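This report describes the arrangement of a sheet and the aromatic contacts in one protein model. Please keep the structure in view while reading.

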Amino acid sequence: MKNRQIKLSTERLYMREFTNHDAQMLLDMHQDPAITKYTGDPIPWDNLDMVIKILNETIIPQYKKGIGRWAVHLKSTDEFIGWCGLKNIEEETDLGYRYLQKYWGNGYALEAAKAVLAFGVQQQIPHIIGRAAIENKASVKILAQIGLVFDTYYTDEESLQESVKYIYKA
């Protein structure tokens, strides 16, 4: 691990705050249609200036609240594999994640999401939720596996996909 401020750590992973220096790797990640298929992002992440704007207006400001979407790295190689974290959305705190395809199926999303939920509970963050498109069976499964409970079905306003919302109940 390089000299990076680690926010959370698990057996195989560490999570840290994003900086503007991460814009290119985020742009590269979000160019993969398999990754963005279920995200509901209103517009594609299609240029570096846009990603820097997202970092500075959406992601980095959350860090002042003690939460955020954090870069996830493998401890063994220091490789960036995706992101996971918490984000305030109105009165709720959303637990979300995205990973590079080559790291799918290794349990990393589950491992990181468990750690992020435990962090949120420890910080006494109210109203932790998770959302996923119904067709994104892997994400729906992870939300249940980390201990969130099904709450409702809804249609995502951005993607128009049928989705589910899970909530944390203490």
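In this predicted model, eight strands form an open sheet with mixed pairing, in the order 1-2-3-4-5-6-8-7. Strand 1 (6–9) and strand 7 (149–155) are at the edges; each has a single partner strand, so one side of each is left without a neighbour in the sheet. From one strand to the next, the twist averages 30 degrees.

Strand 3 (residues 69–74) and strand 4 (residues 80–89) run antiparallel and are joined by five bridges.

The whole structure contains five aromatic pairs. Two of them are set out below.

| Pair | Centre to centre | Angle between planes | Geometry |
|---|---|---|---|
| F18 and F80 | 6.2 Å | 70 degrees | edge-to-face |
| F150 and Y153 | 4.8 Å | 55 degrees | tilted |

F18 lies in the loop between strand 2 (13–17) and helix 1 (23–29), and F80 lies in strand 4, so their pair ties together parts that are 62 residues apart in sequence. Both F18 and F80 are buried.

F150, by contrast, is partly exposed, with a relative accessible area of 36%. Y153 counts as exposed because its relative accessibility is 56%, and exposed means over 50%. Ring pairs link F150 and Y153 with Y166 into a cluster.

A charge also meets a ring: the charged end of R131 sits over the ring of Y154, 5.6 Å from its centre.

Technical notes: Residues are numbered from 1 along each chain as its sequence is written. This is a predicted model: local features need pLDDT of at least 70, side-chain atom pairs count only at pLDDT 80 or more; totals for chains, interfaces and linings use all residues. Side-chain values use heavy atoms; hydrogens and water are left out. Two strands pair if DSSP finds at least two bridges between them. Helices (H or I, at least four residues) and strands (E, at least two) are DSSP runs, numbered from the N terminus. Axes are lines fitted to C-alpha atoms, for helices over the stretch in contact, and angles run from 0 to 180 degrees between N-to-C directions. Rings of Phe, Tyr and Trp (its six-membered ring) pair if their centres lie within 6.5 Å; planes under 30 degrees apart count as stacked, over 60 as edge-to-face and the rest as tilted. Buried means under 20% relative accessible area, exposed over 50%, partly exposed in between (1.4 Å probe, protein chains only). A charge sits over a ring if NZ of Lys or CZ of Arg is within 6 Å of the ring centre and within 35 degrees of the ring normal.
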